[in-house]
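Okay, thanks for coming, everyone. Let me put the structure up and then talk through a few spots.

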Amino acid sequence: MRLFTPLRPDPHAPLAAANPVMKLAAAAVLMAVLFVSVDAVTAIVVLAGVLAAVWLSGLSPRTLLRRTWPILLTALSVGILNTLFAAPRPGPQLAIGPLSVSVDAALSGVGLGLRLAAIAFSGVLAMATTDPTRLADSLIAQLRISPRFAVGALAAARLVPVMAVEWQVLSLARRARGVAGDNPVSSLRIFFGKLLALLIGAVRRATRLAAAMEARGFGSRPCRTSARQERVTRGDWLLLTGALLLGLAAVAISVAAGTWRFLFG
Amino acid sequence: MPSRPGASSRRCDLSHAPPEAAPVAIEARAWSWRHAGRRDWALRDLDLRIEAGERVLLVGPSGSGKSTLLNALAGLLDPHAGEQQGSLTLNGRAPRDARDVSGLVFQDPESQLVMARAGDDVAFGLENRCLPPDAIWARVHAALVAVGFPYAIDHPTEALSGGEQQRLAIAGVIALRPGLLLLDEPTANLDPDGAALVRGVVAGVVEQLGLTLVMVEHRVAEAIELVDRVVALSPDGVLLADGPPAYVFMRHGDVLADAGVWVPDRRLPAPPLRHRPPAETMILADQVEFRYPGSLLPAIGKTDVQVKSAEALAVVGPNGSGKTTLAFLIAGLVRPSNGSVVAGEALARGRGHEPIVDWSPRELAAHIGTVFQDPEHQFLTGRVRHELMLGPLAAGIGKAAAGKRAEELLTRLHLAHLADANPFTLSGGEKRRLSVATALATAPSVLILDEPTFGQDRRTAMELLRLLAALRDEGRAVLFVTHDREFATALADRTLRLPPRQVATA
Amino acid sequence: MTSIAARPTGWRVVDIVVASVLGVAFGVVFQVWNGAWELARPIFIGFPPIQGLMYGIWLVPAVLVPLIVRRPGAALLAETVAAAVSALLGAQWGLQTLVYGLLQGAAAELAFAFTLYRSWNLLTAILAAAFAGAAAVLLDLVFYYPDWDASYQLTYAAVVVTSTALLAGIGSWLLVRALARAGVLNAFPAGSEQPEV
């Protein structure tokens with residue numbers, strides 16, 4: 001039973017073929033820029049750049065939209081919430097039903113919504129085009145993370161579909177036992193029962209997996225080689241530079257337009 | 001010892017790549033092992049000599065220490081986690097120092113494969129050995145050829161059947177060129193086709209590479225062809241018999257069979273013939289079909305099933321034919337994509353128009369009891385007694401009556417001595433009996449079981465056979481999904497054979 | 001050829017794999033809980049800070065796994081893996097989820113470090129959950145609600161930190177006890193605090 005499937009982009013597309021750590025660094029750069037700039041203009045410029053990069057990602061725009069529409073929903077609600085509960089500000093007021101908010105706050109709310117969407121989309125593109133095995137290889141090769149931890153975590157990642165199926169079977173088993181969540185309290189109790197059962201299964205599987213890995217020599221030598229090479233190419237540096245330029249350009253445009261707002265202040 | 005930041009594979013001493021290991025000779029002299037904190041010895045006074053290139057089958061009931069012995073041979077027992085007496089050597093060396101010469105294949109393919117792609121998984125062990133990348137891939141290809149792996153090197157491991165996954169696991173182990181191949185119940189989690197596949201691979205590999213082989217297999221009859229010698233352990237971990245298969249099973253067959261070993265040529269005794277009440281239709285599945293969302297092909301194609309009282313119906317078929325899905329559809333747990341599953345008059349008066357999947361869980365449990373393949377999926381509480389009382393209490397029966405029913409079930413299923421234990425700490429056979437007991441607690445008229453003998457020894461299988469036959473003779477309907485041909489033959493009155501899964505033609 | 005074993009006080013392979021697999025299990029559970037969060041959002045529209053009560057589960061890996069594995073870095077590893085799985089599966093939040101995971105894990109790690117990695121009891125669990133909750137709150141206020149009135153921000157912080165400290169702290173501790181009773185923690189110190197069979 002397949003409920004949770006990761007997106008699978010074409011591995012030859014430029015973004016998918018890029019070095020995972022460099023890709024995450026590029027997304028992190030954009031996130032950092034958006035972190036400190038809370039105005040709409042910066043957000044729009046970055047968002048435009050990121051959406052243009054969808055073309056490079058090997059993901060079909062329709063699939064992406066189908067998976068990421070919650071972002072739009074959340075961006076919208078964030079915009080609304082910030083507007084409604086903003087600190088009272090002077091200036092022209094807008095009447096929304098029984099409430100009255102300042103136009104300033106409303107615009108600011110829109111900006112925050114767009115900022116969130118931009119942050120989310122840049123992160124999505126980075127993660128959705130990343131293969132877990134390559135990510136682990138890259139973390140070891142580029143960031144010198146201990147292979148025991150990276151590969152150990154990667155091995156665990158293989159159990160994701162197994163856990164997803166197990167969660168569903170646990171739900172069916174509760175129905176078969178005659179147990180139903182009629183009210184929030186019983187629903188919660190059932191949820192935690194399923195959680196406990198899932199964790200018990202998880203620890204059992206993990207113990208077996210660890211034994212199997214040790215049986216094949218994992219962790220018995222102070223170092224290990226890698227069958228796959230993760231290199232940083234010129235294209236990766238271009239990507240990172242591109243992200244940096246996009247971020248700076250966004251800020252520059254916003255400053256030039258006089259709309260730039262710093263997070264703190 | 002995590003690698004120091006900066007210690008990269010470049011500085012790894014690549015001369016660690018060992019030459020091909022010679023077949024290993026094993027010698028045990030009065031060897032005993034006790035796990036830390038346990039009172040009883042897992043294995044006691046083992047005197048054993050296995051020559052290089054010999055092929056040995058290790059048999060014994062659950063708890064006889066077979067896995068412990070294999071782990072010891074693989075050098076995986078932590079000296080700090082137990083107590084050892086006597087000596088155990090591989091080619092004269094302690095197993096812990098000779099880990100590179102042995103390879104151990106485990107029972108569960110899901111928690112044995114490490115990487116997402118086939119080639120990467122075989123390469124895993126070679127990476128741990130610090131081989132340079134070119135040498136790694138050369139050995140990966142050689143190993144995949146040696147086991148006859150039919151797919152590409154980047155085939156996702158997730159998409160492999162159980163048998164193919166075990167084939168890949170064996171490739172991963174022999175890529176390390178061991179002199180001793182250890183197999184711990186490699187086919188226990190597989191269907192008959194997968195099991196045959198794995199046995200074929202083992203035979204081929206041992207033939208080609210001349211390895212010493214020590215195998216634990218619960219389906220002894222089929223494994224006999226692969227070995228020349230059988231070593232049998234008693235329930236308390238003492239050597240019972242050692243010799244050619246015919247000799248061992250002729251002399252000790254009864255003792256072993258009673259202890260739960262699947263001794264060859266000892267069929268499960270047929271249940272006694274009893275008078276049964278007339279059969280009536282309990283559940284009617286009409287042209288049911290199930291298709292996963294977004295999937296082109298159905299998991300189970302249009303099927304008609306009639307589940308009758310006082311009858312045991314076996315649902316059989318190859319891997320992927322949708323047996324479990326069908327069982328869940330009939331049990332009212334999953335909504336069919338097409339068709340309907342309704343209750344017969346005998347099951348629920350006047351509700352024949354309403355699909356079972358729309359019943360509330362409480363109503364469902366009162367009429368249909370479902371037993372899952374993994375008993376642990378059904379456990380909801382921390383105590384065996386509470387498990388048995390949960391269903392009746394949820395159905396509205398008072399505490400006193402529920403307690404009484406729990407007592408009856410505890411006695412009937414020989415679980416009385418475990419009444420206050422945590423269900424998750426029970427042995428495999430005990431968990432299976434408990435899962436059946438919980439399904440019976442609400443006194444349903446229909447019992448549906450998914451692979452009831454999966455991973456069970458002969459003793460539990462016999463108990464289940466007796467119990468299910470008795471339930472059937474009392475008038476209940478029993479439907480069971482199974483790979484176990486012997487069990488199906490002994491119990492089933494009718495068999496529904498599902499066709500193999502349709503494969504998409506590209 | 002001798003193989004060098006890990007230092008007795010260092011991470012064993014089983015510690016790494018169990019910590020990671022528990023993180024993976026939670027990553028999957030988060031998908032389910034995220035769905036519930038989105039559904040419940042309209043209920044809290046009147047006073048959103050109260051939705052902070054649903055927060056607890058996201059911080060459980062950072063508290064539960066160290067209580068089992070009892071090694072430095074367990075909180076960081078488990079919470080990061082859970083976030084990574086959530087990011088890869090859900091594909092909705094991507095890198096942002098990972099940042100949350102890293103910082104929440106690091107914050108919980110601080111609490112355990114504060115006790116010099118020697119105390120693994122209920123109080124430490126609550127403390128770690130509180131720290132992780134505080135990290136999450138800070139991130140939320142910066143990413144989502146920077147414009148909120150200071151009083152709302154403070155209420156949100158108070159609700160989230162208190163509720164996660166109690167729910168994730170006590171909840172994780174109870175889960176560890178339940179796991180130990182189920183007999184699966186035999187390879188860990190948390191499991192041997194049980195009467196032996």
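Quick definition to start: buried means under 20% relative accessible area, exposed over 50%, and partly exposed in between, with a 1.4 Å probe and protein chains only. This is a predicted model, so local features need pLDDT of at least 70 and side-chain atom pairs count only at pLDDT 80 or more, while totals for chains, interfaces and linings use all residues. Residues are numbered from 1 along each chain as its sequence is written, chains are lettered from A and ligands numbered from 1 in the order written, and side-chain values use heavy atoms, leaving out hydrogens and water.

So, chain B, helix α7, residues 245-259. Helices here are DSSP runs of H or I, at least four residues, and strands are runs of E, at least two, numbered from the N terminus. Buried residues in α7(B) include B:P245, B:F249, B:H252 and B:L256. What do the buried residues of α7(B) pack against? Strands β3 (55-59), β8 (229-233) and β9 (239-243), plus helices α6 (220-223) and α13 (458-474), of chain B. Contact, by the way, means heavy atoms within 4.5 Å.

Now, B:H252 is also where α7(B) kinks, by about 75 degrees; that bend is the angle between axes fitted to the seven residues ending there and the seven starting there. Just after the helix, B:G260 has a positive phi of about 115 degrees.

Last stop: B:T68, in helix α1 (residues 66-73) of chain B. Buried or exposed? B:T68 is buried, at 11% relative accessible area. Skipping neighbours within four places in sequence, B:T68 touches B:W33, B:H35, B:A42, B:L43 and B:L77.

Methods:
Expected span 1.5 Å × (residues − 1).
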